[in-house]
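I opened this model to look up a few local features. My notes follow in the order I took them.

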Amino acid sequence: MAGIYVHIPFCKKRCSYCDFHFSTTFSSYREKLIAAICLELDLRKSELKGIPVETVYFGGGTPSLLTKDELSDILHTVRSAYQLIDRPEITFEVNPDDATTENLIAWKALGINRLSIGLQSFQETDLAWMNRSHSTQQGEEAVRLAQTLGFDNISIDLIYGLPELSNEQWLSHLNRALNLNIQHISSYCLTIEPKTALSHFVEKGTLSRPSEDQQSEQFDLLVSTLASAGFEHYEISNFAKDQKYAKHNAAYWNFTPYVGVGPSAHSFNGDQRRWNVANNTKYYQEVGKNDAWFEIETLSASDKWNEYFLTGLRTKWGILKKSIADLGGFNPSELIQLETYLNTGLMIENQENYVLTEKGKLQADGISSSFFRID
Ligand SMILES: C[S@@+](CC[C@H](N)C(=O)[O-])C[C@H]1O[C@@H](n2cnc3c(N)ncnc32)[C@H](O)[C@@H]1O
Ligand code: SF4
């Protein structure tokens, strides 16, 4: 099985916290860029020859800025160049202000069956410093309208650990999210990325830096509130009802191959990671003409081991004993490390795997990096 990721590098506005790859001035070349994405999809079809494609994910940037024709062209290329399974999961990241009746109807007609809507916060003052292009009301209306029009697999993105966000306010955001009756929630702790407007606000003192204690208390509230409401915590930042996991993301965590197209998109084929240039002009000018628009790295045995721990330990599926054996097995010092985590309640051993406990999840990156190997 395999997945396809399509990166749409356009945004209406620059959100103050965001350091993903996007441009806000794209009208002069959008046609060329969409054509380059279709060309890349076609050029790379041999990479997934004979492999059924289960998931397609449109991320960004802001995929919901695509016109109906642009989206249709991309999906047509995907369908004709790759072997999609019957009823693949096709996810579309949506900014609430783009979720009009007309757009939602068009997206559904084109085969989009999962929406990931970026609400981010239920507080107007947060959306203002974030420089978001929508209000909280638009966020809630987007979800309700999508439901009315038949979307039954909806995820929302929420950020916690925000400057001045109290635990009471965070709890009220979670309750408003639960009132929306959605199937999936992705919730991320705010990271203050260097060179963003947010890092500037914090350095100047315009916004206060959230404390680590506040962020971990809010993570605890997130986990307990969503668990009480019947959501399964299946990855550090992801919660699903009725097993409506994000299949596409779960595939990344389980080392399934995927082709990522568009500027800055990453790909993985089991042995190599590849990433495209994070520059829109360079991308559309060079795709298909030379090899200067992407880089490839072949993973060493240690790289594969390290990545397996980093991604696997974040999920409810954990790290499989069989995969650990395939990757060479634990060495004596790693076994001692493992025993320590099991004895201190940070990890649990099951018949087929090892998983982090809720307490362990708070230290997921530290625990996985303690198993890292250097070539
Ligand atoms: C790159 S965005 C794309 C989605 C869409 N453009 C949007 O803004 O809703 C993916 C998600 O990453 C999260 N994110 C981006 N930057 C973040 C940051 N600095 N800290 C925490 N979460 C962040 C947001 O929740 C966002 O919805
Ligand atoms: S958060 Fe989303 S909408 Fe905002 S700049 Fe980043 S990608 Fe664009």
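Predicted model: local features only at pLDDT ≥ 70, side-chain atom pairs only at ≥ 80, totals over all residues.

I began with K195. K195 counts as exposed, because it has 8 C-beta neighbours inside 10 Å. The cut-offs I use: buried means 20 or more other C-beta atoms within 10 Å of a residue's own, exposed means 12 or fewer, and partly exposed is in between, with C-beta atoms placed from the backbone. K195 is not a glycine, yet its phi is positive, about 70 degrees. I find K195 in the loop between strand 6 (184-189) and helix 7 (197-204). Helices (H or I, at least four residues) and strands (E, at least two) are DSSP runs, numbered from the N terminus.

**Ground rules.** Residues are numbered from 1 along each chain as its sequence is written, while chains are lettered from A and ligands numbered from 1 in the order in which they are written.

**Another positive phi.** I checked N131 next. Its phi is near 65 degrees, a positive value in a residue other than glycine. N131 sits in the loop between helix 4 (124-130) and helix 5 (136-148). Is N131 buried, exposed or partly exposed? I count N131 as partly exposed, because 14 other C-beta atoms lie within 10 Å.

**Around ligand 2.** Which residues surround ligand 2? I listed C11, R14, C15, C18, F20, F22, G60, G61, T62, N95 and G118. A residue qualifies as near if its C-beta atom, placed from the backbone, lies within 6 Å of the molecule. By class, this shell has five nonpolar, five polar and one charged residues. Here Ala, Val, Leu, Ile, Met, Phe, Trp, Tyr, Cys and Pro count as nonpolar, Asp, Glu, Lys and Arg as charged, and the others, Gly among them, as polar.

Two members of the shell, G60 and G61, are joined by a cis peptide bond. Omega there is about 15 degrees. G61 is in the loop between strand 2 (53-60) and helix 2 (68-81).

G118, also in the shell, lies in strand 4 (residues 114-120). G118 counts as buried, because it has 23 C-beta neighbours inside 10 Å. Leaving out residues up to four places away in sequence, G118 touches E93, N95, P96 and D157. Contact means C-beta atoms, placed from the backbone, within 7 Å. I also took one distance: G118 and R132 are 14 residues apart in sequence and 9.7 Å apart in space, C-alpha to C-alpha.

**Nonpolar cores.** I took a core as a set of buried Ala, Val, Leu, Ile, Met, Phe, Trp, Tyr and Cys residues joined through C-beta atoms within 7 Å. The largest has 75 residues, of which I4, V6, I37, I117, A146, I156 and I185 touch the most other members. Helix 1 (residues 30-43) gives the most to this core, with six residues. I followed I117: it touches V94, P96, A99, A142, V143, I154 and I156, not counting residues up to four places away in sequence. A second, separate core has eleven residues, including F309, Y341, M347 and F371.

What is the strand order in the open sheet of three strands? I read 13-15-14, with antiparallel pairing. Strands pair if DSSP finds at least two bridges between them. Strand 13 (319-320) and strand 14 (347-349) stand at the edges with a single partner strand each, so one side of each has no neighbour in the sheet. Strands 14 and 15 form a hairpin with three residues between them. In strand 15, Y354 and L356 make up the covered face, and N353 and V355 the uncovered one.

Six residues from domain 1 and seven residues from domain 2 make the contact.

Terms used. Contact = placed C-beta atoms within 7 Å.
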